[in-house]
Amino acid sequence: MNALTKIQQFLHCETPDAWVKNALDNQALLLLDHANCEKKAASTAVNLMFRYVGDFDMMQKMSRLAREELRHYEQVMELMEARGIPYDQITPGRYAGELRKLVRTSEPGRYIDTLICGAIIEARSCERFAKVAPFLDEELQKFYLSLLKSESRHYEDYLTLAKRAAEGVDISARVQEFLALEKTLIEGGDEEFRFHSGVLHTPHVN
């Protein structure tokens, strides 16, 4: 079983075709929010390194992840600049924020849940790159497909760290709780298009 198939089986739903159409209709915004996602992913990894010092395996994995995400950020910016897409300030989507509402406030629950969120976000990113890539121009398609390997590894790293942080306690039910919420966010409607948004609401015509 390849990494993408494992991720597709891990997630509770696939990206709706309607979101792919939204992405194709908003390619400049797709790239802009993608750049922001890479930047935020790097920030999350660095924050974990500062908050949970002493775990050498985690700090090594997060250091590598942060470097990779920042390199992806640079690559997206290069694409945007070459295509004349301005780097405007936009509001973040609600996806990550809604997932993090489930994160417990006391340790070690907070640490475990943060890692679970990271795994799910990376898994969805990988699935979306694969879903939208066939419909993009050759340059973007090649770039998005090139990201699949690293995104799938990031998902596995986060999930492995979460299981280890639980110290033998089965976290599968907790993971399923987050995945059930994630499914509602992916299949639900959103007012604004973002890389992790649901399907855009269709305006009512009177």
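A41 counts as buried, at 15% relative accessibility, and helix α3 (residues 27–51) is where A41 sits. Please keep in mind as you read that this is a predicted model.

**A41 and its surroundings**

- Because its relative accessibility is 15%, under the 20% cut-off, A41 falls in the buried class.
- Leaving out residues up to four places away in sequence, A41 touches L65, E69 and E122.
- A41 is also one of the α3 residues that meet α4.
- Between A41 and V132 there are 20 Å in space, C-alpha to C-alpha, and the two are 91 residues apart in sequence.

**Helices α3 and α4**

- The axes of α3 and helix α4 (residues 56–82) cross at roughly 160° and come within 8 Å.
- The two helices are therefore roughly antiparallel to each other, since angles over 145 degrees are put in that class.
- The crossing in which α3 passes α4 is left-handed.
- On the α3 side, the residues that meet α4 are L31, L32, H34, A35, E38, K39, A41, A42, A45, V46, L48 and M49.
- On the α4 side, their partners are M58, M59, M62, S63, L65, A66, E69, L70, H72, Y73, V76 and M80.
- Sorted by type, the residues of this contact of α3 with α4 are 18 nonpolar, 3 polar and 3 charged.

**L48, another α3 residue**

- L48 belongs to helix α3 and is buried, with a relative accessible area of 2%.
- Setting aside neighbours within four places in sequence, L48 is in contact with M58, M62, Y111, T114, L115 and Y158.
- Of these, M58 and M62 are among the α4 residues in the contact with α3.
- S150 is 102 residues from L48 in sequence, and their C-alpha atoms are 19 Å apart in space.

**Helices α6 and α9**

- Helix α6 (residues 109–132) and helix α9 (residues 172–187) pack with their axes 10 Å apart, at an angle of about 45°.
- That angle makes α6 oblique to α9.
- The contact involves D113, I116, C117, I120, R124 and R128 of α6, together with R174, V175, F178, L179, E182 and I186 of α9.
- By type, the residues of the contact of α6 with α9 are 7 nonpolar and 5 charged, with no polar ones.
- As for handedness, α6 and α9 make a right-handed crossing.

**S125 in α6**

- S125 is placed in helix α6, and its relative accessible area of 7% makes it buried.
- The side chain of S125 reaches the backbone oxygen of I121 at 2.9 Å.
- Not counting residues up to four places away in sequence, S125 touches E151, F195 and H196.

**R194, a loop arginine**

- R194 lies in the loop between β1 (189–190) and β2 (199–200).
- Is R194 buried or exposed? R194 is buried, with a relative accessible area of 6%.
- A polar atom of the R194 side chain lies 2.8 Å from the backbone oxygen of T91.
- Beyond residues up to four places away in sequence, R194 touches W19, L29, D33, I90, T91, P92, G93 and R128.
- R128, one of those residues, also takes part in the contact of α6 with α9.

**Backbone details to check**

- As background, most residues other than glycine have a negative phi, and most peptide bonds are trans.
- The peptide bond joining E107 and P108 is cis, with omega about 5°.
- P108 is found in the loop between α5 (95–100) and α6.
- E167 is a residue other than glycine with a positive phi, near 50°.
- E167 is found in the loop between α8 (148–165) and α9, and at 73% relative accessibility E167 counts as exposed.

**Q8 in α1**

- Q8 is found in helix α1 (residues 3–10) and counts as partly exposed, at 43% relative accessibility.
- The C-alpha atoms of Q8 and K142 are separated by 20 Å, while the two residues are 134 residues apart along the chain.

Methods: Residues are numbered from 1 along each chain as its sequence is written. This is a predicted model: local features need pLDDT of at least 70, side-chain atom pairs count only at pLDDT 80 or more; totals for chains, interfaces and linings use all residues. Side-chain values use heavy atoms; hydrogens and water are left out. Helices (H or I, at least four residues) and strands (E, at least two) are DSSP runs, numbered from the N terminus. Buried means under 20% relative accessible area, exposed over 50%, partly exposed in between (1.4 Å probe, protein chains only). A polar contact is a pair of N or O atoms within 3.5 Å; within protein, one must be able to donate a hydrogen and the other to accept it, and residues adjacent in sequence count only if both atoms are side-chain atoms. Contact means heavy atoms within 4.5 Å. Axes are lines fitted to C-alpha atoms, for helices over the stretch in contact, and angles run from 0 to 180 degrees between N-to-C directions. Angles under 35 degrees count as roughly parallel, over 145 as roughly antiparallel, 65 to 115 as roughly perpendicular and the rest as oblique. A crossing is left-handed if the near helix is turned anticlockwise from the far one by less than a right angle, and right-handed if clockwise. Ala, Val, Leu, Ile, Met, Phe, Trp, Tyr, Cys and Pro count as nonpolar, Asp, Glu, Lys and Arg as charged, and the others, Gly among them, as polar.
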